[in-house]
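Have a look around it first, and then read on.

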There are 2 protein chains.
Amino acid sequence: MTQHPDPPATLADVARRAGVSPATVSRVLNGNYPVALDTAARVQRAVTELSYVVNGNARALAAATSDLVGIIVNDVADPFFGLIASGIQDETGGTDVLAIIGNTAGAPDRELRYLTLLRRQRARAVVLTGGTVDSPDHLRAVATQVSALVSAGTTVVLCGRPPLAGADHGPLAGVSTVDFDNRGGGQALTAHLIALGHRRIGYVAGPANRTTTKLRVLGHQDALKRHGLGGTDCPVVSGDFSRGTGESATAELLRQRPDLTAIVAGNDTIALGVCAYLRSQGRTVPADVSVAGFDDLPFSADAVPALTTVRLPLIEAGRTAGRLALGRQLPPPGGIFPVPAELVVRASTAPVRGI
Amino acid sequence: MTQHPDPPATLADVARRAGVSPATVSRVLNGNYPVALDTAARVQRAVTELSYVVNGNARALAAATSDLVGIIVNDVADPFFGLIASGIQDETGGTDVLAIIGNTAGAPDRELRYLTLLRRQRARAVVLTGGTVDSPDHLRAVATQVSALVSAGTTVVLCGRPPLAGADHGPLAGVSTVDFDNRGGGQALTAHLIALGHRRIGYVAGPANRTTTKLRVLGHQDALKRHGLGGTDCPVVSGDFSRGTGESATAELLRQRPDLTAIVAGNDTIALGVCAYLRSQGRTVPADVSVAGFDDLPFSADAVPALTTVRLPLIEAGRTAGRLALGRQLPPPGGIFPVPAELVVRASTAPVRGI
DNA sequence: CTGAAAGCGCTTACAG
DNA sequence: CTGAAAGCGCTTACAG
């Protein structure tokens, strides 16, 4: 299958062919040092003839730098992460850095493994995207890895998760955060529902114990409390960020409170499942039950009825994270770059019946 | 910001601390050679104490291998690619390889750049996913890069694009292909519409000149020809794989043939745009116009009406590509692994009116 | 089971 | 503007 692995040409081969020293070839390639024009031309020709490409490992080892930027995501198949990642790659696209995406599939140990791997590749920067498991142990392990990365000279950016606390409980030095206002968004959404007259509002949360989930639920509860609502009138069920969770959790919610007039979902994907289940039960959205999502993913505007949701400017946030990672943008004082969440009211929410 | 980049511990540091030679540390770390138990224990302790991680670049350079598997995609934000990539990472997850995703944003030169970068990292394997620009120049450039990769010992897998031709026009040796039946799927879809009585069928294609687009259109035309249809009754407009294209192209299609009874889209995302535009014009799907997509992405079942489409088992195809890349599965004879496309009939297509 | 030594393919002061 | 030489941090025959 792989016939006689033909060793690629080396810099020494190029030097020999061009009749110069390896040092000169290196300087031509890196363009960081004056070289006579005709010498450079000869070297370039030799490079082409041998179809030489530098050995990235050797270069990184010798120069003690690398052009890798790692992006860690929870789920590549989820557009939420795809959008952030493409925003980051918008920024890295024109440069000589290689942005690479690692998928944890939501597993904390894989998050840690990618961090180690990036550490051993001596990555130039790493961007951790989306929520993380909110347990003291995991957070401590991440903080340890991140500190090691930072002290080895790697730029670390958090995008869509809360700032990391260091050993001293203060924010970890040298790490900037693009911080989504999940709590504020959750609050605005539920406040909107309350303003429409809803009093019995169910909530379908994403994976329990993840920062994103917790903050959104917290925002929801902020709004409820402000109006003296909550308790068994407003049950909360959690699952994962999937359509299936939307369906099964809605069944559970309606078992608990068949008279719910609104259901809020932890994200748009869940919301689609909520709508599908309600439809299957002969309940109309929003006439019978209002439904809302979170994130404003592209498909949300196309759902029927179009989804009321909270927009997070994912691509733009990714770009910001990318600029921060490349050092093209200075981190704000305190290292936190806030990203607002904007309520987007569409057709899936309406005044409660009889009001 | 990055305070005193603290050089990470080296293998020599570990050796010193454990009171052994660097060679021994290396052997303990790689576990590929007998080492006395207590020696190994001492080394492990030193590793922990120094929180040592191997320098991947040095290792790759010395061992002339690497644990990188590159995945090249056209658009990370598109679930089509996300699903394939997550399938691949399902396979690489449990191993020590680091699967990394590079996003070309559909630009041929970025595809080439990633290939070069992967080549210089001496990647263990690379998987090229989705369609590519179908121009002789680009295909030749890709073939050149791929040959270089293969002869350097990298396993190359194509997933969702046609086999690559070598200089001799035969299939490139040592490259396996997970080949989607885009043409057959396109054919089945249009045949379904014809069976429903449709004779004036518009087509909204993805980016012209991409293999995926071309093959799907070809399948569509196969079906039309078989029934003596085509010509101005069946106009084709192309754009990109976006919702926006679905909207604008439908406007254009209806300008050309206001009496179209069905519209086929190059993928599900486009189909959503088609539906949205029709709705905005007061036309009902499928009563007035039938609409169909391609891919069967997760949201398609949730659209209202649910989308008739062609299912491509994206995750499973990704897994196959992953196994091929890791050498866990032998490439089939001829190097081509066919992936069938299955017609999925849902609510967005119906018999033509008056039949 | 363990170590000394060469070598992987680059870069970069140091000289000239 | 150019070269000789040391060194980056590992691995792996080669000895023992």
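What follows is a short tour of some features of this predicted model.

## Chain A as a whole

Chain A comes with 12 helices and 12 strands. Its C-alpha trace spans about 90 × 50 × 35 Å along the principal axes.

How much of chain A is buried? Of its 355 residues, 56% fall in the buried class. Now take the contacts in chain A with a separation of 6 or more: 74% of them come from residues 24 or more positions apart.

Helix H1 of chain A covers residues 11–18, and its axis comes within 8 Å of the axis of H2(A), crossing at roughly 105 degrees. That angle makes H1(A) roughly perpendicular to H2(A). On the H1(A) side, the residues that do the touching are Leu11(A), Val14(A) and Ala15(A), and they meet Pro22(A), Val25(A), Ser26(A) and Leu29(A) of H2(A). Sorted by class, this contact has 6 nonpolar residues, 1 polar residue and no charged ones.

Next, follow helix H2 (residues 22–30) of chain A to helix H3 (residues 37–50) of chain A: the two pack at an angle of about 90 degrees, and their axes are 10 Å apart. So H2(A) is roughly perpendicular to H3(A). Here H2(A) brings Thr24(A), Val25(A), Val28(A) and Leu29(A), while H3(A) brings Thr39(A), Ala40(A), Val43(A), Gln44(A) and Val47(A). The class count for the contact of H2(A) with H3(A) is 6 nonpolar, 3 polar and no charged residues.

Phe80(A) has 7% relative accessibility, so it counts as buried. Phe81(A) is buried too, at 7% relative accessibility.

Over in chain B, the ring centres of Phe80(B) and Phe180(B) are 6.4 Å apart and their planes sit at 80 degrees, so this pair is edge-to-face. The two residues come from distant parts of the chain: Phe80(B) belongs to helix H5 (residues 79–92) of chain B and Phe180(B) to strand S5 (residues 175–180) of chain B, 100 residues apart. Are these two buried or exposed? Both Phe80(B) and Phe180(B) are buried. Back in chain A, ring pairs join Phe80(A), Phe81(A) and Phe180(A) into a cluster.

A disulfide is a covalent bond between the sulfur atoms of two cysteines. How many disulfides turn up over all chains? The count is 0. Take Cys234(A), which is in no disulfide: the nearest cysteine sulfur belongs to Cys275(A) and is 19 Å away. A disulfide would need the two sulfur atoms within 2.5 Å. Cys234(A) is buried, with 6% relative accessibility.

In chain B, Cys234(B) is in no disulfide either, and its nearest cysteine sulfur, that of Cys275(B), is 19 Å away. Cys234(B) has a relative accessible area of 6%, so it counts as buried.

## Where chains A and B touch

Arg120(A) is in helix H6 (residues 108–120) of chain A. Is Arg120(A) buried or exposed? With a relative accessible area of 12%, it is buried. Leaving out residues up to four places away in sequence, Arg120(A) touches Val53(B), Val54(B), Asn55(B), Gly56(B), Asn57(B), Arg59(B), Asp67(B) and Asp96(B).

Leu98(B) is in strand S2 (residues 98–103) of chain B, and at 2% relative accessibility it counts as buried. Which residues is Leu98(B) in contact with, leaving aside its neighbours within four places in sequence? They are Tyr114(A) and Leu117(A) from chain A, plus Asp67(B), Leu68(B) and Val69(B) from chain B.

Notes
Residues are numbered from 1 along each chain as its sequence is written. Chains are lettered from A and ligands numbered from 1 in the order in which they are written. This is a predicted model: local features need pLDDT of at least 70, side-chain atom pairs count only at pLDDT 80 or more; totals for chains, interfaces and linings use all residues. Side-chain values use heavy atoms; hydrogens and water are left out. Axes are lines fitted to C-alpha atoms, for helices over the stretch in contact, and angles run from 0 to 180 degrees between N-to-C directions. Helices (H or I, at least four residues) and strands (E, at least two) are DSSP runs, numbered from the N terminus. Angles under 35 degrees count as roughly parallel, over 145 as roughly antiparallel, 65 to 115 as roughly perpendicular and the rest as oblique. Contact means heavy atoms within 4.5 Å. Ala, Val, Leu, Ile, Met, Phe, Trp, Tyr, Cys and Pro count as nonpolar, Asp, Glu, Lys and Arg as charged, and the others, Gly among them, as polar. Buried means under 20% relative accessible area, exposed over 50%, partly exposed in between (1.4 Å probe, protein chains only). Rings of Phe, Tyr and Trp (its six-membered ring) pair if their centres lie within 6.5 Å; planes under 30 degrees apart count as stacked, over 60 as edge-to-face and the rest as tilted.
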